[in-house]
Amino acid sequence: MPQDIYSVAALACRYWFAFLGVLIVWRSFSWLRKDRRLKHKRLKTLPDAGMIGELVVLQGSDSLPEDSFLPVPREGVLGYLRTCDVVVPIDGVARQHLDFVFIDGQGLVVTPRRGCSCMVDGELIADRRDARAFPMRHNSLLSVGDAMLKLRLFAGLDAPYAMDYMPDLPEQEPPQEEAMPGYAPPYNGAPYPPQETYFPPQDAWPEPPAYPPAPQQPINRRYHDEA
């Protein structure tokens with residue numbers, strides 16, 4: 001093969017393989033984007049599919065009253081826009097406030113967007129490092145804006161449990177034993193109290209009646225002597 005033809009063929013193959021690499025990457029991202037759209041479309045058609053639990057509103061507003069439930073998917077965005085996966089229309093919540101994803105064995109990891117923050121069980125979450133250090137567990141509290149939400153995970157998920165949050169109460173002295181219900185004072189007398197008898201004394205018992213002696217049967221001398 002002449003040198004000129006070989007150079008042209010090598011240059012053409014170089015650009016051809018580069019074009020194939022770009023085409024493969026583009027098609028991969030195209031398929032990934034298409035699958036993601038189909039997944040979200042399927043989740044919207046079946047609201048219960050892909051849900052890991054719910055957020056119970058402990059402190060809300062007129063548009064989001066207390067004791068209402070917000071379904072939580074495995075991953076998504078929380079904000080006040082209607083296009084978010086979890087919609088929280090409360091003051092202090094940004095349009096897209098935070099991203100969340102459920103990780104097996106850890107819980108629900110919430111990551112605030114730029115310029116946003118939240119609190120998980122009293123811990124401030126400001127960046128990705130804080131989100132990894134303090135994931136939400138079952139019964140965890142999420143403070144976002146003016147809202148207070150409690151996470152309840154479905155049974156069967158691989159996630160730890162968090163203790164219910166209770167405010168600090170002043171220490172109280174334990175009640176005295178005498179003031180407790182059902183208290184009975186100890187008995188210091190005899191182990192068994194005396195009991196009344198219903199039988200008269202032995203001296204007062206009546207004498208048994210005298211019966212005549214039983215008649216004796218005659219002995220058969222014949223058999224007696226043989227014996």
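Biologist: What makes aspartate 99 and arginine 113 a salt bridge?

Modeller: Their side chains come to 2.8 Å, N to O. A salt bridge needs a side-chain nitrogen of Lys or Arg within 4 Å of a carboxyl oxygen of Asp or Glu, so the pair qualifies. Aspartate 99 lies in strand β5 and arginine 113 in the loop between β6 and β7 (118–120), so the contact ties together parts 14 residues apart in sequence. Helices (H or I, at least four residues) and strands (E, at least two) are DSSP runs, numbered from the N terminus.

Biologist: Some ground rules, please.

Modeller: This is a predicted model, where local features need pLDDT of at least 70, side-chain atom pairs count only at pLDDT 80 or more, and totals for chains, interfaces and linings use all residues. Residues are numbered from 1 along each chain as its sequence is written, and side-chain values use heavy atoms, with hydrogens and water left out.

Biologist: Why are aspartate 99 and arginine 113 called partly exposed?

Modeller: Buried means under 20% relative accessible area, exposed over 50%, partly exposed in between (1.4 Å probe, protein chains only). Aspartate 99 has 27%. Arginine 113 has 28%. Both values fall in between, so both residues are partly exposed.

Biologist: How many salt bridges does a search of the whole structure find?

Modeller: It finds 3. One of them joins arginine 152 to glutamate 54, the closest N and O atoms being 2.7 Å apart. This pair links distant parts of the chain: arginine 152 is in strand β10 (residues 147–153), glutamate 54 in strand β1 (residues 51–59), 98 residues apart. Arginine 152 is partly exposed at 33%, and glutamate 54 is too, at 22%.

Biologist: What makes aspartate 104 and arginine 74 a salt bridge?

Modeller: Their closest N and O atoms are 3.8 Å apart, so the pair passes the cut-off. Aspartate 104 is in the loop between β5 (98–103) and β6 (107–112), and arginine 74 in the loop between β2 (69–73) and β3 (75–79), 30 residues apart. Arginine 74 is partly exposed at 38%.

Biologist: Why is the pair of tryptophan 16 and phenylalanine 19 called tilted?

Modeller: Rings of Phe, Tyr and Trp (its six-membered ring) pair if their centres lie within 6.5 Å; planes under 30 degrees apart count as stacked, over 60 as edge-to-face and the rest as tilted. The count by this rule is 1 aromatic pair. Tryptophan 16 and phenylalanine 19 have 6.0 Å centre to centre and 35 degrees between planes, so they pair, and the pair is tilted. They are 3 residues apart in helix α1 (residues 3–45), about one helical turn. Phenylalanine 19 is partly exposed at 48%.

Biologist: How do you know that β7 and β8 pair?

Modeller: Pairing takes at least two bridges found by DSSP between two strands. β7 and β8 have 3, in the antiparallel sense, so they pair. Cysteine 118 stands opposite isoleucine 125 in β8.

Biologist: What makes β2 and β8 edge strands?

Modeller: The open sheet has 6 strands, in the order β2-β1-β10-β9-β7-β8, with antiparallel pairing. β2 and β8 (123–125) each pair on one side only.

Biologist: Why is histidine 138 called buried?

Modeller: Histidine 138 has 14% relative accessibility, so it falls under the buried cut-off. Its place is in the loop between α2 (128–133) and β9 (141–144). A polar atom of its side chain lies 3.0 Å from the backbone nitrogen of leucine 153.

How values were computed: Polar contact = N/O pair within 3.5 Å; in protein donor to acceptor, adjacent residues only side chain to side chain.
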